[in-house]
Amino acid sequence: MTHDHKTKTQLIEELESLSARVAEKELARLASFPEQNPNPIIETDLTSHVTYYNPAADECFPDLLELGYNHPILSGVKSIIVACQSDKQESITREINLGDTIYEQKICFVKQSNLVRIFNYDITERKWTEQALDRLASFPEQNPNPLIETDLMGQVTYCNPAASKLFPDLQTLGHNHPILSGVKPIIIACQTGEQDSFMTREIQVGHSIYEQKICCVEQSNLIRIFTYDLTDRVRAEALEQENTYLREEMQTELAFGEIIGHEQSLHNILQQIEMVAPTDASILIQGESGTGKELIARAIHTHSQRNQKPMVKVNCGAIPRELFESEFFGHVKGAFTGALKDRKGRFELADGGTLFLDEVGEIPIELQSKLLRVLQEGQFERIGDERTRHVDVRIVAATNRDLKQEAEDGHFREDLFYRLSVFPITVPPLRERREDISLLATHFIETACTRLNRPKVQMTPDQIKQLQRYDWPGNIRELQNVIERAVILSREGVLRLDLALPDIVSTEHLPPPPDTKLTTHTEFVSDVEFKRRERENIVAALEHANWKVFGAGGAAELLGIRPTTLVSRMKKMNIEKPD
C-alpha cells in the first residue's frame, strides 16, 4: 500500500511539474502573436500602468486606455505584482468577475524586462456548467443521468444507480468499459495542462450517442464524468438537417423530371442503369453540360436498394476552395471563424444512401486524398474533431471533363479516377439524339404551360424541323430554356419559337431533320452509284472539317451522324487521312 501511495504521489508531482512547463510554453507561443490571439492580452509596467493591449482586449474592454490601471479587469494587479516580486514568483493564475463575465487571468513576469503580461480567458460558460454539475454531484443517488468517478489511473471508484442500471458491467470492466474509452489519456492531458480541467465530448456506445462532461475535482485525485444520452436529439437533428437538405434539392431539381426519348443510345443507357443500380459499384457519368447527368444519377438511386435513404447532391464546382473539407466532412463548433455550431457534412447526410458528386473534376487535388480515404475505408473526421466517424455511402459522380486525360496530365489523382469510374456511363449530347427533340420539346411545353399558368400551345411541323436543325450546344438545358421563353412569348395559342431563338433558322450548314415519312422521288440511282456518292460525301465532310471526326465542327457533326458511326463507315469504305 505504501509503495502504491508513493507511486501515485510521485505521479502527481511529475504531472504538476509537467503541467507548469506546458503552460509556460503555451503562454510564450500565444505571446508571440498577440495581434492574432483571440483572447485579450494586456501588458503593464511594474506600477501596473498599461503599456500595450491587443485588438481582442480593445474589443472586450473599450475603455481600457481611458481608465488604465483603474479598469476593473486590472483590479488588484498592482498588489499581486508586489506580492509576486517579494516571493520571486514568475506567474500567478486567478479568477476575476467583470459583471456577468468570469475571466481566468494568467499574470506573468516577462523575463529580462520590467513588464507584466496578463492573459485573459472568458470561462463564464465553463463556470456555469461546473456549478450546475456540482449541484448534480451533491445528490448523485437522485441524479437521473449516469455519474461515474475514477481515480487518476482511470479506475472506477464510484458510479450512481443510473450508471449501474445503464451500464451493468461497468464495475466488472472498469476503465475498459466502452463508455470510458479514451478517458485515461484525457486525464493525463488535463493533468499536464494540454487539456482544460473541464471538457465536453461525444461518444458512441453501440447505437447510442452520449455527451460526457469530464471534470477534474479540485483538491482531490478524482475525475467526475457526467453522461447524458443524446441519441434522440442527435437523430432529430439529423432528420431536420436531412429534411432541410431535401427541401433545398426539391427547389433546384431539374424540371424534366423523367427520362424521355426513344433513340437507341438512350435505350442503351437505360439498360446500363438497370444492370448497375442494384449494386454498390461507384459510377462515373460523363457527358457535356446540360445532357441530364443528374437525371441519370437520380434514376440509378431510385432503382437501387438505397432508395429509402436520400440522394445527397454536391455541386463541386460551386464550393469555394477553402470550404470543400467542411462541405464534405462537416465541422464542430469553434473549428474556425463562423463555425457557430456543429454541422454535418454531405457524407454524413448521405449515410446509407447515395452521394452525387456533380462536376467532380473541380475538386482541388490537395483534397482528393482525403476523399479517396473515405471511399476506401468509409472513415473521416469533422474539422476540429478527433473522433473518427464511419459512413456507408454509394458514390455516383458526374463530369463534363475528360478525367482520364486529366489524370494523365497530373490534374486529377489517377487512383481516385479509377475508384470513381468502376462503371462509366456516357450520356450523348442532344445533337446525337435529334429524333428525341420533338418528344422533349412537347414535354417542356406541357410543364412550362402548367408551371407558368399559360394557355396550352402546340408546335407546328415546321417548328419541329427548326428545332431539329439546331446544334444545341447547351443540350437539353438549352432546349428547356428556349421552350419556356417561347411559351412566355406565345399569344393566342401560337408558340413564338422565332422570338425565343431567332438564330435557329440560320443554321443552314446543319443536316436536315430525319424524315420518317416515305417520299416519292422522280430520280433514283443504283446501289453502286449511291455508295460512290456516299463515299464522296464523307470525304468532302472530312476535308471540310480538316479530317476532324469528333467534337464541335467535326465531320460527324456536319454529317449529322454519331462519331462512332462515321468511324465504322470510314473503315468499311477504306477511307484514310492522306499523308
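**Entry 1: aromatic rings.** I began with a cluster in which ring pairs link Phe 324, Phe 328, Phe 329, Phe 347 and Phe 380. For this I counted rings of Phe, Tyr and Trp (its six-membered ring) as paired if their centres lie within 6.5 Å; planes under 30 degrees apart count as stacked, over 60 as edge-to-face and the rest as tilted.

I note that this is a predicted model, in which local features need pLDDT of at least 70 and side-chain atom pairs count only at pLDDT 80 or more, while totals for chains, interfaces and linings use all residues. Residues are numbered from 1 along each chain as its sequence is written, and side-chain values use heavy atoms, with hydrogens and water left out.

I searched the whole structure and found 10 aromatic pairs. One of them is formed by Phe 61 and Tyr 103, an edge-to-face pair with 5.6 Å centre to centre and 65° between the planes. Phe 61 lies in the loop between helix 2 (55-60) and helix 3 (64-67), and Tyr 103 lies in strand 4, so this pair ties together parts 42 residues apart in sequence. Helices (H or I, at least four residues) and strands (E, at least two) are taken as DSSP runs, numbered from the N terminus. I looked up cover as well: Phe 61 and Tyr 103 are both buried. Here buried means under 20% relative accessible area, exposed over 50%, and partly exposed in between (1.4 Å probe, protein chains only).

Next I took Phe 328 and Phe 347, whose ring centres are 6.0 Å apart with planes at 55°, so this pair is tilted. Phe 328 belongs to helix 12 (residues 324-329) and Phe 347 to helix 13 (residues 346-349), so the pair ties together parts 19 residues apart in sequence. Both Phe 328 and Phe 347 are buried.

Entry 2: I traced an open sheet of 5 strands, with antiparallel pairing and the order 2-1-5-4-3. Its edge strands are strand 2 (50-53) and strand 3 (91-98), each of which pairs on one side only. The twist from one strand to the next averages 25°. I counted two strands as paired if DSSP finds at least two bridges between them.

Strand 1 (residues 41-45) pairs with strand 2 in the antiparallel sense over 3 bridges. Across this pairing, Glu 43 stands opposite Tyr 52 in strand 2. Helix 4 (residues 77-87) packs on the sheet and touches strand 1, strand 3, strand 4 (101-109) and strand 5 (115-122). The direction of helix 4 makes about 35° with that of strand 4. Contact means heavy atoms within 4.5 Å; axes are lines fitted to C-alpha atoms, for helices over the stretch in contact, and angles run from 0 to 180 degrees between N-to-C directions.

**Entry 3: strand 18.** What is the cover of strand 18 (residues 394-399)? Strand 18 is mostly covered, with 6 of its 6 residues buried. Arg 394, Val 396 and Ala 398 point one way, and Ile 395, Ala 397 and Thr 399 point the other way.

I then looked up the partners of strand 18. Strand 11 (residues 283-286) runs parallel to strand 18 and is joined to it by 4 bridges, with Ile 285 opposite Ala 398. Strand 15 (residues 354-358) is also parallel to strand 18 and joined to it by 4 bridges, with Leu 355 opposite Ile 395.

**Entry 4: Arg 224.** I found Arg 224 in strand 10 (residues 222-229). Its relative accessibility is 16%, so Arg 224 counts as buried. The side chains of Arg 224 and Glu 149 are joined by a polar contact of 2.7 Å. A polar contact is a pair of N or O atoms within 3.5 Å; within protein, one must be able to donate a hydrogen and the other to accept it, and residues adjacent in sequence count only if both atoms are side-chain atoms.

**Entry 5: positive phi.** Most residues other than glycine have a negative phi. I noted Asn 453, not a glycine, with a positive phi of about 55°. Asn 453 sits in the loop between helix 17 (437-451) and helix 18 (461-469), and is exposed, with a relative accessible area of 70%. Asn 546 likewise has a positive phi of about 55°. Asn 546 sits in the loop between helix 21 (527-544) and helix 22 (555-559), and is exposed at 63%.

**Entry 6: the chain.** The protein chain has 23 helices and 19 strands, and 44% of its 579 residues count as buried.
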